[in-house]
Amino acid sequence: MKNNKTFTMIKPDAMQNGYAGLILAEIEKAGFKIIEMKMTYLSKESAQEFYKIHKGKPFFNDLIHYMTSGPIIAAVLEKDNAVSDFRKLIGNTNPKEAEVGTIRNMYAQSIDANAIHGSDSDENAEIESHFHFSNEKN
Ligand code: GDP
């Protein structure tokens, strides 16, 4: 995968609060093209696999519980400098520290229910995209 794609999930709190459409509009307004998208659920096993880097951390069980608490939207996005531009668009992990105008500043509730995921490297964008989509064009 070149450095023009990233992977995102609209998380259960944002879905539950009716922010999915607003968040997708922000993503498109910022110049990202949606090239794959689906509404889905994470099973406990798949959430544990997706977040295995955080296994053993104090918030791990809460994170798995939260990420399996309702539907999510998973999507692959395309834009130049996709990973870093998308991390800027979503803002700090903790919405209290997220800059005004970022998605987490506008739509997140708390550090655990923080509305949206964005890959943190090109390598992880590729791994995470393949986790949800098997299409070769990713
Ligand atoms: P992200 O890349 O900004 O999503 O942050 P991380 O990869 O570091 O963490 C993954 C997810 O775990 C975050 O989006 C949060 O939902 C959750 N998380 C991270 N750090 C904390 C923490 O200190 N406390 C709690 N409760 N959740 C956290």
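The model is predicted, with local features needing pLDDT of at least 70 and side-chain atom pairs pLDDT 80 or more, while totals for chains, interfaces and linings use all residues. Residues are numbered from 1 along each chain as its sequence is written, and side-chain values use heavy atoms, without hydrogens and water.

| Residue | Protein atom | Distance to a ligand oxygen atom |
|---|---|---|
| K11 | polar side-chain atom | 2.9 Å |
| T93 | side-chain N or O atom | 2.5 Å |
| I111 | backbone N or O atom | 3.2 Å |

On its own the ligand has 540 Å² of accessible area, of which the protein covers 77% (Shrake-Rupley method, 1.4 Å probe).

The ligand takes up the space of the largest pocket, meaning that more than half of its atoms lie within 2 Å of the pocket's grid points. A pocket is an open set of points on a 1 Å grid over the protein atoms alone, with protein on both sides within 12 Å along at least five of seven lines; lining residues have an atom within 4 Å of a point. This pocket contains about 730 Å³ of space, the volume filled by probe spheres set on the points. It is lined by 23 residues, of which Y51, I53, H54, L63 and H117 are closest to its centre.

Notes: Polar contact = N/O pair within 3.5 Å; in protein donor to acceptor, adjacent residues only side chain to side chain. 1 Å grid on protein atoms, 1.4 Å probe; cavity = no way out; pocket = protein on both sides within 12 Å on 5 of 7 lines; lining within 4 Å.
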